Amino acid sequence: MSDPLNAAALLANFVIVPAVAYGSQLALGALGVTLIYGILRFSNFAHGDTMAFGTMITILFTWWFQSLGMSLGPLPTALIALPFGILLCAAFVLLCDRMVYRFHRKNRADPVIFVIASVGVMFVMNGLVRFIIGPNDQNFSDGERFIIKAREFKQMTGLSEGISIKVSQGITVVTMIIVVAALFWFLNKTRTGKSMRAYSDNEDLALLSGINPDRVVAVTWILAAALATIAGTLYGLDKSFKPFTYFQLLLPIFASAIVGGLGNPLGAIAGGFVIAFSEITVTYAYKKFANYIVPGDWKADGLMQLLSTNYKFAVSFLILLMVLLFRPTGIFKGKAV
Amino acid sequence: MITSIRNVLYFAVMAGLIVLVGQMQSWNLALSILNLCLISAVMSLGVNMQWGYAGLFNVGVMGFAALGGLTAMLVSMPPVQEAWTAAGGGAWVGLGILVLMIATSAWLYRKLPKSGLRTALIMLVVIAGYVLLRMYFDPTTKVIEKVNPAASGYLGGLGLPILIAWPLGGLLAGGVAWIVGKITLGLRSDYLAIATLGISEIIVAVLKHEDWLTRGVKNVTGLPRPVPYEVNLQNAVWFNDLSEKLGADPVTFSSIFVKLCYAGLFTVVLLMVLWLSEKALRSPWGRMMRAIRDNEVSANAMGKDVTARHLQVFVLGSIVVGIAGAMLTTLDGQLTPSSYQPLRFTFLIWVMVIVGGSGNNWGAVLGGFVIWFFWIEAEPLGLWLMDTITSGMPADSGLRAHLLESAAHMRLATMGIILLLALRFRPRGLLPERTHQ
């Protein structure tokens, strides 16, 4: 029997809601990568581990606050810990810049030297995170779990398929919107933001007009660290925190940034959603959906899954390849190829 | 003159360190470190071709090594007859579809002029082939995986001598490198890095999850060896005579003997690759590669096809990495897909090349030895260090337990710091590239 309403609810529950949340997390991550690329002109391989580092600090503060008995009621305690995570992560990233990248910047080294240096920083961060919190899964979410439970939704609408929205998913989307709005306001309206965009467009001209490069670079790192910590914490609240997973997020994040156009913040957001939606629609098993939508007694015999979830990286990779083949500058025009 | 003395000195110190391990810990351990050092040296020679000769940043070393390992397994394991009788037909149909898909794509690639249309058509063929493959091959994989899943549950291999897998593994890795390089070379250098990162994750995911091919995380163990087995040696008369003559315990000596055989094989490969690399680097081709690396624009103006040369050297380097991957699986005697970790297989090799001296083949070899040695020895050293640091703490302290438990993770950070220090203070490595005026 054909039942489009239930089919739509099914799709919303298993594809749209998770993809919007995951897309927001990727968008925040890709924004950090794209900012570094725009200003410092290299692909920061340490970004995944910066996310892990910031999230780890947030988790440690969360546990401390939880032991003090603090809580936000229905919201996760991690939100109070988040500013501390951002602060310490930014401090650490600035230290890395001072110790590692500044030397190569003064030498005007090749971009690829920066990339290799970022691999070194990645090693160090990865080692530190595993050393401090261990390589295993950590769960740190508390408060309410759901905004809408599937059962309540079914009772409300009378459908046989429910839509559930987790609190973490709601928080992710709201935070993403606030952060992106703040970031764009900062880049477009403030003096520092304008100088950053000028520096990104034409370094020499920006230097001639008296922009302080050290300040621009420092602000960029702070923004990147803040974005990484927020993205990492949201991802950890939504799923769970495991250092190796964060390293693996590097590929979808890079893919998002490139698909959108490296160096273009708007593109990073669009890219994040493109990657998230393709990853989830391609790896979703459409068996039940097909049974709802196809009229008659026909039943799907397989899972009707285009690609097993084991290969979700392959989706980001294939989209990346397609963009490189057809439009190497990305959907929105990014920096030079 | 002074530099050559210094170079010899480095290698002498390295040999001394391995001998020291043999004396202090055990000869068995020293030889297993030596064997992995030899493999690492081959692998870093491959990466050195890409980075040192051409300045290409390949972040997918792990994937190419895994392809070599896969080939070693596929070539050497005997075929599982029951699986072939149960699902042979389906397997051949699947292979047929795959071959047809590749042949059609290749044909389109050759016949049509370079255009967006060609790319789109090829993609269409690949997608159609994928759907067909899933439709016909999915049921077959289920049948294969059901055949005696505890012991086999896969198709097995060809049952050929494992040494054949070394060159074949190189060829497979080179083929994949050609596809990746064809798409990403000529664009920004970062894109090659990110694409290779992606392809290596995918290759390892395939190894982990395609049980019909590799048994996935159940691992394929007991790969046939190219060298004798310890048990056979212990039963052989000539071997017992030999160990008596040397005054050694036959059991210990047999495992040392096996490791020595491996070391011999690996040394032959290392010397061959090294000799070829040195020849290439000193030839007009090598000079051209360095000219391209140092100034792409002017090399291009001199009529050199920069992208084609990059593709060539990228494939060559990947072949060498694939050979090393096959050698590693041969030494392990098993294919363990979950052991392919990017930090161990990609980034560690990079540390070897950078620390050893990018652009200098001897440097890459030295880097392979030095870094592998410290990677192995850092664990007991770190543990000892932590033990000393925490010895003042009470025995039941939670912090002490945590520190001791996590000491192993510090070697990642240590490797990172070594890489960063080398980049900053010794960017040309231990053995810098020689430039002849």
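Me: In which helix is the place of B:Val206?
Reply: This is a predicted model, where local features need pLDDT of at least 70, side-chain atom pairs count only at pLDDT 80 or more, and totals for chains, interfaces and linings use all residues. Residues are numbered from 1 along each chain as its sequence is written, with chains lettered from A and ligands numbered from 1 in the order in which they are written. Helices are DSSP runs of H or I, at least four residues, numbered from the N terminus. B:Val206 has its place in helix H7 of chain B.

Me: Is B:Val206 buried or exposed?
Reply: A residue is buried if 20 or more other C-beta atoms, placed from the backbone, lie within 10 Å of its own, and exposed if 12 or fewer do. B:Val206 has 20 C-beta neighbours inside 10 Å, so it counts as buried.

Me: How many residues of chain B are in contact with chain A?
Reply: Contact means that two C-beta atoms, placed from the backbone, lie within 7 Å. On chain A, 36 residues take part; on chain B, the count is 37.

Me: Which helix gives the most to the side of chain B that touches chain A?
Reply: Several helices of chain B each supply at least two residues, among them H5 (116-146) and H6 (165-184). The most, 13 residues, come from H7(B).

Me: Why do the buried residues of H7(A) line one face of the helix?
Reply: The buried residues are A:Met196, A:Tyr199 and A:Ser200. On the other side, A:Arg191 and A:Asp201 are exposed. Seen down the axis of H7(A), the buried residues line one face because the directions from the axis to their C-beta atoms fall within an arc of 100 degrees.
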